[in-house]
Amino acid sequence: MKVVANSSLCQGHARCEDLCPEVFATDAIEGKVVIEKPDFPAELEEKVRLAVRNCPEGALRIAKGVAL
Amino acid sequence: MTFQWQPSSPDHVPADLIVDFDFFDVPAEVTDPVQIWHDLVRRGAPPIFYTPRNGGHWVFLKYHDIVEGYRNHEVFSTYQTPIPPIEPFPVMQPQGVDPPQHDVFRKLLAPMFTPLAVRRMTEGLQHRAHVLISSFAGSGKCDFVADYASIFPTGTFLELFGMPEERLPEFLELAHTFFRSTDAEVRAANLRDIYAVLDGMFRAKRDYPGSDIASTIVTALDEQGRPYPWQDILNCGFLLFVAGLDTVTNTMTYVWRYLATTPAARAHFRERLDDPSAFLVAIEELMRINAVSNLFRRVTHDCDFRGVHLRRNDRVILPNTVANRDPSVFENPQSIDLDRKVNNHVTFGVGPHRCMGSHLAKREIVVSLQEWLRVIPEFELAPEAEAGSSFGGSVMGFTSLKLLW
Ligand code: SF4
């Protein structure tokens, strides 16, 4: 499984980073999301899903298997 | 419904969308200003209604409409929005302009307020919080508003702007008048005073730049390598002054008021002092339930929105507290669940104008709470204290909060 971000929607709330710092970080310029581990391990799935659901801009999405 | 009809509204507003509502008016028997908004919902006010008060304006009461008000800047502008109208009103940079002009100062300021930048400020915040709390901890009581919540954010502003501590009383006075005075002449003089202080500060930083935010703004160059217009620089300073003080003060006051009356919540935070992610989840819930600001927008052109006719220059209020308790989005919206899993609150807005200072504001509150609970693990409301008064308006809160421990 893979998590992807639409950076034109991201407004830098950093909720993803707060909830799952193993996968998400924010950059030093605009504070937008940086996905450090797009192919996250299965044990992080719940945390990643929570981060995706808590993004106030709907900027994150989980994609199954397919490379994007 | 028991709303009064006001015949004096503009003719594009149908009578059934008119509600007599004054967002500054918190009746004496209402102990929490947020309740005036939730009363509207409870009493069945239309989800989009018009009130003739304060110069006349619309109010949105649905989460998704409020979010649309934030996102769709082509219809809902942030330029010249004050309610009641104040003219001339300074154009805050970048919050008071819309994209693409908005992006210029947003890009300039953003790097100074990212989570990374805020992390670097943490030690300074911890130190100041600790010193301030220690100064009154031994006395067993305080007025949280006067002794902590109003001082801490203003001190943070001075620190970020590289200003000496001694100027704290002067800045506190300017901020106090700005946020509380309703007298038009006093307000106008206060605005001039704030701009004069900002002007002096930026001049000094231009001549002797340091590594602070004011220096960064004043020495920045545009794409052609020229300094930014002086008025825009002042307007940036004004935004940072106005945006970071009262909002943080009042959010903190709400949070401490809740903790003072809720032993289980104090315990919840104490047990998570060393567990940052659990601490943050609980803080996020307090951000949701204690949204103190009601944001304004101005309609850019005549249009229909959700079947309601809006006219160019109509003002709109987006009450965050109402969005944050919309039952179609939040489960059990009125109850405070410190472990709430999905929490898409709009306390800091959404879309391009999302509060740039949100990470700093949250950090100020997190650090304050951690330092406070380490020194003062248990506290309560002072029983004999007159409650202090509360106020509505664009930022809601309390004039005092007496605590005992
Ligand atoms: S929570 Fe959403 S908007 Fe915020 S940084 Fe993450 S992806 Fe961006």
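B:R288 lies over the face of B:F330, at 5.4 Å from the ring centre; a charge sits over a ring if NZ of Lys or CZ of Arg is within 6 Å of the ring centre and within 35 degrees of the ring normal. This is a predicted model, in which local features need pLDDT of at least 70 and side-chain atom pairs count only at pLDDT 80 or more, while totals for chains, interfaces and linings use all residues. Residues are numbered from 1 along each chain as its sequence is written, chains are lettered from A and ligands numbered from 1 in the order in which they are written, and side-chain values use heavy atoms, without hydrogens and water.

**Exercise 1.** Find which parts of the two chains the salt bridge between B:R71 and A:E57 joins.

*Solution.* 
- Step 1: the closest N and O atoms of B:R71 and A:E57 are 3.0 Å apart. A salt bridge is a side-chain nitrogen of Lys or Arg within 4 Å of a carboxyl oxygen of Asp or Glu.
- Step 2: B:R71 lies in helix α2 (residues 63-71) of chain B and A:E57 in the loop between α2 (45-53) and β4 (60-63) of chain A, so the pair joins two chains. Helices (H or I, at least four residues) and strands (E, at least two) are DSSP runs, numbered from the N terminus.
- Step 3: A:E57 is buried at 8% relative accessibility, and B:R71 is partly exposed at 33%. Buried means under 20% relative accessible area, exposed over 50%, partly exposed in between (1.4 Å probe, protein chains only).

**Exercise 2.** Classify the aromatic pair of B:F171 and B:F241 and locate both residues.

*Solution.* 
- Step 1: over all chains there are 31 aromatic pairs. Rings of Phe, Tyr and Trp (its six-membered ring) pair if their centres lie within 6.5 Å; planes under 30 degrees apart count as stacked, over 60 as edge-to-face and the rest as tilted.
- Step 2: with 6.0 Å centre to centre and 65° between the planes, B:F171 and B:F241 are edge-to-face.
- Step 3: B:F171 is in helix α7 (residues 168-180) and B:F241 in helix α10 (residues 230-261), both of chain B, so the pair ties together parts 70 residues apart in sequence.
- Step 4: B:F171 is buried, at 1%, and B:F241 is buried, at 1%.
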